[in-house]
Amino acid sequence: MKSWRGVPVLVSVLSGLVVGCGPVPEGEVESGAVESARESEAVVGTVTAEGGLIPNGGWEVCDDVTQRVRDIHPTASSTPDALVEVNGRLVFIADDGQHGRELWVSLGQGRPTSLLKDVNPKGHATPRSLTVMGRWLFFVADDGDSGPELWRTDGTEGGTARVKDVAPGRMGAVPDQLTVVDGTLYFTANDGEHGRELWRTDGTEKGTELVRDFTPGMYSSDLDKLTAWESGLALVRYDPATWNTELWRLDKWGRMSRLFILGYGVFEELEPAGRQLFFTVDAGTGEADLWVTRDTPGTAKWLRHFPGQHPVSLTALEDAVYFVAGGEGDFGVPGDPVHGSELWTSDGTVWGTRMVRDIRFGPESAFAPGYVPQLVVLERTLYFAADDGFFGRELWRSDGTPWGTWLVRDLQPGQAGSDPDALTADTGWLFFSASTSGHGSEVWYSGGWPWDTRPLADIASGAASSDPRSFVRSGWDVFFAATDSAGDRELWSVPFRPTRYCGDRAR
């Protein structure tokens, strides 16, 4: 293990969160120290020769602060996945080679990391769909007797239990599409009597119930795209009787209404932005249209047709939606011959549906064919990776205007680019992986500006890549899954703490 030494960590004027390392006094996490640091005002300081800001005595990334939390599978990779924070604990999926793929829990560096509960002593519980609602983490797992059913945990073994055996027997109800709406968890499940339909739960067995049997009897409704929207739930339903594909809404009083009937075709993406719900549809032509609707029937309106590449990665920023479109479609279907694949936005009007900026000027695309971009919102700003034709694929930001859309920093000089990936926004910072010469794909962070976009850890030595993924903050630490130089993929963490916990080191 090694880390970049002497790299100054910089203050984000927007977030006010400081970064450092060192032990945290017992009880400070629980007493609200993290929240205080997150809410603190920005600190003014002087700029160093290296471009770092030194507020009130300075702060920095310390040597050797990146640690493998635990070698969960000593003889192979435990392959941690789906990292989630709940009640100050990190819960994740891993395989230690003895219990199969199960849930694990960690309290952070130097504190216990252990199997949360062996849900399936006979084999793999294969937990999935980890979803936080209040103080509970819900997930789907197979205990070996009841099949895949809905479970919950508070991060302790005693607080981990099955919510309800919806479909008694070894087949299980196989819950899917877990979606939180105002303290209620919605999901689809097959109880063996009604087919696959819409269910909900408040986290108790008694409060777990069928919401609506769209297709009476044992036939299943093809429900898809469950989406929280305006204290209600939007979903797509395929009607086997009429062959129509329909957009429905369930409001907070439990009333259901059909908002839009597509007829033949598919809904591809749903994304709420304020009071509006944007959606894309392919009516069987291989091309897509962008629509928007309010929460009452008859308010849906068409916004724009997109030949070639379908609009992808719809992402809300305040009352507008952003997406990528214009590239070549499947089977070589031509897209926008003037601009190629670029960043677009819509405010819900035809005139307000426009390209944000032609990042790669001309017919070539800023987003390569087949590449599904990540659009991440951090403090009213959109971040993404794009290629302008000069710097390669690098980290960009946008406030929705052409002049507010620009390259954050050229991490890998030249046209190859650093290929930023796994972008994750948390507490005023952006964590991601990026590949640079001599280091491979490693951990980076950014506050959104050139001077505070820096490498955080080099886990795989030399030009090898650790390929970090699943960044999540829990307590004072940032956790992620990464592969070391020996090819062992395990759980790693980096302290992300205020200056006063860095210790008394020479600056």
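Two strands count as paired if DSSP finds at least two bridges between them, and strands themselves are DSSP runs of E, at least two residues long, numbered from the N terminus. Keep that in mind as we walk through this predicted model, where local features need pLDDT of at least 70, side-chain atom pairs count only at pLDDT 80 or more, and totals for chains, interfaces and linings use all residues. Residues are numbered from 1 along each chain as its sequence is written, and side-chain values use heavy atoms, with hydrogens and water left out.

Start by selecting β29 together with β30 (residues 393-398): the two pair antiparallel over 6 bridges. Click on L382, and you will find its bridge partner in β30, S398.

Now widen the view to the open sheet of 4 strands, ordered β28-β29-β30-β31 with antiparallel pairing. β28 (376-378) and β31 (405-409) are its edges; each has a single partner strand, so one side of each lacks a neighbour in the sheet. On average, neighbouring strands are turned by 40° against each other, direction ignored (axes are lines fitted to C-alpha atoms).

Next, color the largest nonpolar core, 17 residues in all. Such a core is a set of buried Ala, Val, Leu, Ile, Met, Phe, Trp, Tyr and Cys residues joined through side-chain atoms within 4.5 Å, buried being under 20% relative accessible area with a 1.4 Å probe, protein chains only. Y322, L343, F367, L382, F384 and A386 have the most contacts inside this core. β24 (312-317), β25 (320-325) and β29 (381-387) each give two or more residues to this core, and β29 gives the most, with 4.

Last stop: another core, lying apart, has 16 residues, including W429, F431, A457 and I459.

Conventions. Buried < 20%, exposed > 50% of the residue type's maximum accessible area, 1.4 Å probe, protein only. Axes fitted to C-alpha atoms, helices over the stretch in contact; angles between N-to-C directions.
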